Amino acid sequence: MNTLATTLAHAGPGPWILLFPLVWAVVIAGIVTVARRAGRRPGRAGRPYRDGGPDEHSPIALLGHRFAAGEIDEDEYWRRLTVLEEQFGRAPTTKGRRA
């Protein structure tokens, strides 16, 4: 007697078994993507934190605003910028200016 169960038992799992590694790859990629996005902390307005760039309220940015507004001259700007760069750990170039 040739039943459906006997036929399926001898036929094996079939080609659909090849989809299981693909399904697991999609699941793992999804988990990695969610974990990476959850690890990022957004800055202001949902933007990620910037690396190395001064924000608008940093002392270096305020010094730049004062220079742009004409409150201080160029010599005073470079002198104060050198002190701020030493304090915040940025290495000035040979002329005392950032690269």
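This is a predicted model: local features need pLDDT of at least 70, side-chain atom pairs count only at pLDDT 80 or more; totals for chains, interfaces and linings use all residues.
Q: How much of the protein counts as buried?

A: Of its 99 residues, 11% count as buried.

Q: What are the elements, and in what order do they run?

A: The protein has four helices and zero strands. From the N terminus on, the order is α-α-α-α.

Q: Start with α2. How far does this helix reach?

A: Helix α2 takes in residues 19–39, which is 21 residues, and reaches 30 Å from its first C-alpha to its last. That is close to the 30 Å expected at 1.5 Å a residue.

Q: How many of the residues of α2 are buried?

A: The number buried is zero out of 21, so α2 lies largely in the open.

Q: OK, where is the largest nonpolar core, then? Which residues are in it?

A: The core has six residues, namely I60, L63, I72, Y77, L81 and L84. Helices α3 and α4 are the elements that give two or more residues to this core. The largest share, three residues, comes from α4.

Q: Take α4 next. What should the helix span, and what does the model give?

A: With 15 residues at 1.5 Å a residue, α4 should span 21 Å, and its end C-alpha atoms are 21 Å apart, which agrees.

Q: Which residues of α4 are buried?

A: E76, Y77, L81, L84 and E85 are the buried ones in α4. They cover an arc of only 160° around the axis, which puts them on the same side of α4.

Q: What covers the buried residues of α4?

A: The cover includes α3.

Q: Now from the α3 side: which of its residues are buried?

A: I60, A61 and L63 are buried in α3. Seen down the axis, they fall within an arc of 160°, so they line one face of the helix. The buried residues of α3 pack against α4.

Q: What does L81 touch, leaving out residues up to four places away in sequence?

A: On that count L81 touches I60 and L63. L81 is found in helix α4 and, at 2% relative accessibility, counts as buried. The cut-off for buried is under 20%.

Q: How far apart are the C-alpha atoms of L81 and I60?

A: They are separated by 6.8 Å, while the two residues are 21 apart along the chain.

Q: And L84, what does that residue touch, with the sequence neighbours up to four places away not counted?

A: L84 touches P59, I60 and L63.

Q: Switching to the rings. How many aromatic pairs are there?

A: Two aromatic pairs, with ring centres within 6.5 Å as the cut-off. In one of them, the rings of F67 and Y77 have their centres 4.7 Å apart and their planes at 25°, so the pair is stacked. F67 lies in helix α3 (residues 59–69) and Y77 in helix α4 (residues 74–88), so the pair ties together parts that are ten residues apart in sequence.

Q: What about the rings of Y77 and W78?

A: Their centres are 5.0 Å apart and their planes stand at 70°, so that pair is edge-to-face. F67, Y77 and W78 form one aromatic cluster.

Q: Buried or partly exposed: what does Y77 count as, and what about F67 and W78?

A: Y77 counts as buried at 13% relative accessibility. F67 is partly exposed, with a relative accessible area of 34%. W78 is partly exposed too, with a value of 23%.

Q: Last one. Among contacts between residues at least 6 apart in sequence, what share joins residues at least 24 apart?

A: For the protein, that share is 22%.

Conventions. Residues are numbered from 1 along each chain as its sequence is written. Side-chain values use heavy atoms; hydrogens and water are left out. The expected span of a helix is 1.5 Å times one less than its number of residues. Buried means under 20% relative accessible area, exposed over 50%, partly exposed in between (1.4 Å probe, protein chains only). Rings of Phe, Tyr and Trp (its six-membered ring) pair if their centres lie within 6.5 Å; planes under 30 degrees apart count as stacked, over 60 as edge-to-face and the rest as tilted. The arc is that of the directions from the helix axis to the C-beta atoms. Contact means heavy atoms within 4.5 Å. A nonpolar core is a set of buried Ala, Val, Leu, Ile, Met, Phe, Trp, Tyr and Cys residues joined through side-chain atoms within 4.5 Å.
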